[in-house]
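This report describes one protein model, from its overall form to single residues. Please keep the sequence and the 3D view open while reading.

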Amino acid sequence: MTEARGPEPVIQAFFDEPTNTVSYIVADPETKQAAFIDPVLDYDHNGGSVDTRSVEAMLTAADEAGYTVVWTLETHAHADHLSGSPYVKAKTGAKIGIGEHIKEVQKIFRPVFNATDLRTDGSDFDHLFVDGETFRIGDLTVEVLYTPGHTPADICYRIGGHVFVGDTLFMPDFGTARADFPGGDVRTLYHSIRKLLALPPETVLHLCHDYKAPGRDVYAWETTVGEQRERNVHVKEGVSEEEFTAMRTARDATLAAPRLLLPSIQVNIRAGKFPPAEANGVRYLTIPVKLKGGAELGV
Ligand SMILES: [Fe+2]
């Protein structure tokens, strides 16, 4: 090891195949304090129904291990799944944390969804982390690394020799996350990735997603800085900012919107809460419709 560090976390991963999302429990083995990272609320878009089985599995695991859940942490406002953090908070009293730049994401999407109830000061979250901030989970020290690009608000959580990287990086054989969401920026993503890859090579990286990759038929979500530097198909050592930008921009132009993009964003910018009930007591999700040539369509 190249630097002195505090105690190491005990880590459990939970994979949600419908959204390809990996959620984590990280715990201090001494004090049994724990945090959830990126918990998933199951959501059936066709029926408009939610289910808590994924987050219940995490809560059961935490309970069986005797953990006290003190934080439920988001790496960013996800565009592919709804956050389970409000449920974790309701069940455990854990605080919901996210990066301070969530305010920018809220400002971008408030008009998109006409979310007039939404305050764009981040106050729906319990804590907004700034770059370099440290906090504790029991005796563990967590360092916040600001890694924008995929969205303007991404952060990573570094605990001992482990970093929870959100959507900054995927497995080396898959590459990187898209950077074409509103407020995303491919060059910014490149620099955030380089910041992560400057960490010691043995640093273990825990990813938020996996989609398998050509030639790999099992899911994987754990890698190291060294492996990424050597083998990441998009940003291994030697790939320039220009090369990455050209590749990522061309690739993003071919990608469809994620299946749960619109439901996810409007819920996750509200810290996982649904829009307020309308006059009939029902909560609705909003789908902004792009009516190109509306008059011709007769609408
Ligand atoms: Fe994401």
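## Basis and terms

Two residues are in contact when heavy atoms lie within 4.5 Å. The model is predicted, so local features require pLDDT of at least 70 and side-chain atom pairs pLDDT 80 or more, while totals for chains, interfaces and linings use all residues. Residues are numbered from 1 along each chain as its sequence is written, and side-chain values use heavy atoms, with hydrogens and water left out.

## Overall form

Among contacts between residues at least 6 apart in sequence, 65% join residues at least 24 apart. The protein has eight helices and 15 strands; these are DSSP runs numbered from the N terminus, with helices being H or I of at least four residues and strands E of at least two. The C-alpha trace spans about 65 × 45 × 35 Å along its principal axes. For 299 residues, a compact globule would have a radius of gyration near 19 Å, and the protein agrees with its 19 Å. This radius is taken over C-alpha atoms, and the globule rule is 2.2 Å times the number of residues to the power 0.38.

Of the 299 residues, 51% are buried. Buried means under 20% relative accessible area, exposed over 50%, and partly exposed in between, using a 1.4 Å probe and protein chains only.

His76 sits in the loop between strand E6 (68-73) and strand E7 (82-83), and His150 in the loop between strand E11 (140-146) and strand E12 (155-159), so the pair ties together parts that are 74 residues apart in sequence.

Helix H7 covers residues 261-268 and contains Asn268. Seven of the eight residues of H7 are buried, so the helix is largely enclosed by the rest of the structure. Cover for these buried residues includes strand E4 (40-44), E7 and helix H3 (102-112). Asn268 is buried at 4% relative accessibility. Beyond four places in sequence, Asn268 touches Ala77, His78, His81, Leu82, Ser83 and Phe125.

Leu196 belongs to helix H4 (residues 186-197) and is buried at 0% relative accessibility. With neighbours within four places left aside, the contacts of Leu196 include Leu145, Thr147, Cys156 and Val225.

## Positive phi angles

Most residues other than glycine have a negative phi. Asn20 has a positive phi of about 55°; this residue is in the loop between strand E1 (10-16) and strand E2 (21-27) and is buried at 15% relative accessibility.

Lys32 also has a positive phi, near 65°. Lys32 lies in the loop between E2 and strand E3 (33-37), and is partly exposed at 36% relative accessibility.
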